[in-house]
Amino acid sequence: MKILEVLNKYDIKTDELDTFTSRREAFRKLASFGKNIAFAAIPVGLVVGSTQKASAAHIPTVLNVLNFALTLEYLEGEFYTTGINSPGLIPPGKDMAIFQTIEKHEVDHVAFLKSAIMSYGGTPVEKPTFDFTAGGNFTPFSDYEQFLILAQAFEDTGVRAYKGQAGNLIAENSALTAALQIHSVEARHASEVRRLRGLKGWITQAERGEGMPEVTQAVYNGEDNLIQGGVNVTTVTTIGADGITEGFDEPLTTEEVLTIAGLFIVVA
Amino acid sequence: MSKQTLTDESTSVLSQNKGNRRSFLKFTGVSIATTGILLSGCQEVFEALPNQRQSPKGPVMQAVPLGKGDIGILNYAYALEQLEAAFYLQVVANMYAGISDSEMVMMEDIKNHEVAHRDFLKAALGKNAIIDLTFDFSSVDFNDRSSVLATAKTFEDLGVAAYNGAGQLLESADYLLIAGKIVSVEARHAAAIRSIFDNDFTSFAGDDIIDSNGLDRAFSPSMVLEAAAPFITNKIIANQLPTS
């Protein structure tokens with residue numbers, strides 16, 4: 001099965017982690033390339049000497065998450081790189097400026113995640129072979145509307161994917177913070193692409209939005225959740241259900257994300 | 001809640017603020033020198049905000065300790081959501097001159113989201129919730145589009161950086177997930193506000209906030225509270241917050 005084959009690629013060789021025993025080293029390595037991990041007023045010594053366990057027991061999980069994220073960034077990066085290089089696809093001016101900006105960030109994320117994975121002693125997964133027609137169902141590089149549809153789907157998926165992984169990084173502060181810093185960039189992208197398509201920047205209920213084909217509904221299922229942290233938010237505010245659901249984005253599990261992304265991944 | 005009116009106390013609070021800011025900036029310099037971590041972004045925050053009040057006016061408001069541990073971080077988020085909600089409530093109560101229909105919808109939507117965040121956090125915190133804060137938006141001209149949107153942009157970008165920085169301070173994965181659910185909406189707001197305000201098609205995720213690794217900003221609570229202090233009349237006490 002496609003998804004499992006993709007997942008299998010994330011298997012981490014634990015012997016690669018043997019040399020990896022110190023939080024200090026982890027932080028230093030990551031911080032050395034994560035130049036905007038700006039934790040200005042927190043003494044760095046405290047961050048390093050935190051209560052986190054000194055063992056590297058959680059590192060395989062961290063590496064799985066980072067490789068999972070890398071796969072999504074590969075997908076987004078190749079999608080936008082192909083898009084901006086497809087003659088006549090993206091209108092010059094505003095649209096091209098937006099997609100060049102997004103493309104740059106996704107390519108930067110690929111490079112950053114590769115470095116992060118290596119800094120934790122892991123091996124970055126190789127870039128899969130992508131089929132952005134999803135078996136002939138889309139023509140994103142000759143039809144701009146299709147390109148916009150997939151861009152919205154990928155960005156809204158990306159936001160939910162990173163959100164779903166945050167808990168898996170809770171034992172590794174520097175990786176968690178970096179992932180959050182990518183997560184909010186994906187959300188900025190999502191907002192902009194949605195608005196470019198004439199939608200609101202936020203997701204109302206579980207609506208995929210005008211013009212989005214039914215096949216993209218998996219990206220939006222569950223966004224109509226009204227229960228946060230055990231609190232039914234409708235009971236504590238005068239804001240209606242539309243506003244509440246817009247105000248809280250929801251996570252996707254690894255499997256849910258791979259089901260969506262798997263539509264565009266060719267497994268040899 | 002009773003309001004204190006001791007002028008000497010307010011003076012000392014203000015001078016303490018200045019001292020904190022000085023030592024904070026000094027510390028930043030030390031950090032750069034000793035760790036090699038580039039601490040970009042802080043200066044821009046301060047430059048984007050109005051000057052701190054030079055002299056205290058009106059009654060001194062109650063000092064508000066946020067508490068410690070995850071409760072402290074949630075109260076920190078609650079304070080920021082109170083700030084944003086109060087701002088947008090005033091925006092929609094007095095929409096700026098010449099506002100378009102689509103911008104009116106956007107302001108109404110964002111107000112709804114921030115009020116929902118505020119009310120949710122208050123309920124989630126229960127008896128541990130801080131008091132209702134008092135705000136000072138005297139530096140904002142609510143009739144003027146530029147003034148409103150510049151402030152909105154500052155608040156949204158600051159909110160994103162605040163949640164991004166607070167994630168690693170949380171112990172509970174459940175609270176971390178909730179913070180994650182809120183921060184991406186703040187980022188959606190930030191992009192939308194930037195998009196309608198800045199005369200630059202790339203501003204929604206501009207080079208002023210996204211670094212060369214494609215990372216958004218992450219600020220510590222003290223940095224965020226320093227930036228928000230001109231708008232919050234109460235003195236926020238954050239010294240028990242976790243630092244890692």
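How are α7(A) and α6(B) oriented to each other?

Modeller: The model is predicted, with local features requiring pLDDT of at least 70 and side-chain atom pairs pLDDT 80 or more, whereas totals for chains, interfaces and linings use all residues. Residues are numbered from 1 along each chain as its sequence is written, while chains are lettered from A and ligands numbered from 1 in the order in which they are written.

Helix α7 of chain A (residues 173-196) and α6(B) pack at an angle of about 50 degrees, and their axes are 8 Å apart. Axes here are lines fitted to C-alpha atoms, for helices over the stretch in contact, and angles between N-to-C directions run from 0 to 180 degrees. Helices (H or I, at least four residues) and strands (E, at least two) are DSSP runs numbered from the N terminus. The pair α7(A) and α6(B) is therefore oblique, a class left over once angles under 35 degrees count as roughly parallel, over 145 as roughly antiparallel and 65 to 115 as roughly perpendicular. The crossing in which α7(A) passes α6(B) is right-handed; that is, the near helix is turned clockwise from the far one by less than a right angle, anticlockwise being left-handed.

On the chain A side, the residues in this contact are Leu180(A), His183(A), Ser184(A), Ala187(A), Arg188(A), Ala190(A), Ser191(A), Glu192(A) and Arg195(A). They meet Gly180(B), Val183(B), Ser184(B), Ala187(B), Arg188(B), Ala190(B), Ala191(B), Ala192(B) and Ser195(B) of α6(B). Contact requires that the C-beta atoms of two residues, placed from the backbone, lie within 7 Å. By class, eight residues of the contact of α7(A) with α6(B) are nonpolar, six polar and four charged (Ala, Val, Leu, Ile, Met, Phe, Trp, Tyr, Cys and Pro are nonpolar; Asp, Glu, Lys and Arg are charged; the others, Gly among them, are polar).

The helix α6(B) itself has 25 residues and reaches 36 Å from its first C-alpha to its last, close to the 36 Å expected at 1.5 Å a residue (the expected span is 1.5 Å times one less than the number of residues). Of the 25 residues in α6(B), 21 are buried, so that the helix is mostly covered (buried: 20 or more other C-beta atoms within 10 Å; exposed: 12 or fewer; partly exposed: in between; C-beta atoms are placed from the backbone).

Within chain B, α6(B) (residues 173-197) also packs with helix α4 (residues 101-125), at about 155 degrees and with the axes 11 Å apart. That angle makes α4(B) roughly antiparallel to α6(B). The crossing of α4(B) past α6(B) is left-handed. From α4(B), the contact involves Glu103(B), Met106(B), Ile110(B), His113(B) and His117(B); from α6(B), it involves Ile182(B), Val185(B), His189(B), Ala192(B) and Ile196(B). Six of the residues in the contact of α4(B) with α6(B) are nonpolar, three polar and one charged.

Ile210(B) counts as buried because it has 23 C-beta neighbours inside 10 Å. Leaving aside residues up to four places away in sequence, Ile210(B) touches His105(A), Val185(A), Ala205(B), Leu215(B) and Asp216(B).

Another helix of chain B, α5(B) (residues 145-166), has 22 residues that should span 32 Å at 1.5 Å a residue, and its end C-alpha atoms are 31 Å apart, which agrees. Since 16 of its 22 residues are buried, α5(B) is largely enclosed by the rest of the structure.

In chain A, helix α6 (residues 144-165) packs with helix α9 (residues 254-262) at an angle of about 155 degrees, their axes being 9 Å apart. Hence α6(A) and α9(A) are roughly antiparallel to each other, and their crossing is left-handed. Thr157(A), Ala161(A) and Gly164(A) of α6(A) meet Thr254(A), Val257(A) and Ile260(A) of α9(A). The contact of α6(A) with α9(A) divides into three nonpolar, three polar and no charged residues.

As for the chains that carry these helices, chain A has nine helices and four strands, and 50% of its 268 residues are buried. Chain B has seven helices and two strands, with 48% of its 244 residues buried. Among contacts in chain B between residues at least 6 apart in sequence, 78% join residues at least 24 apart.
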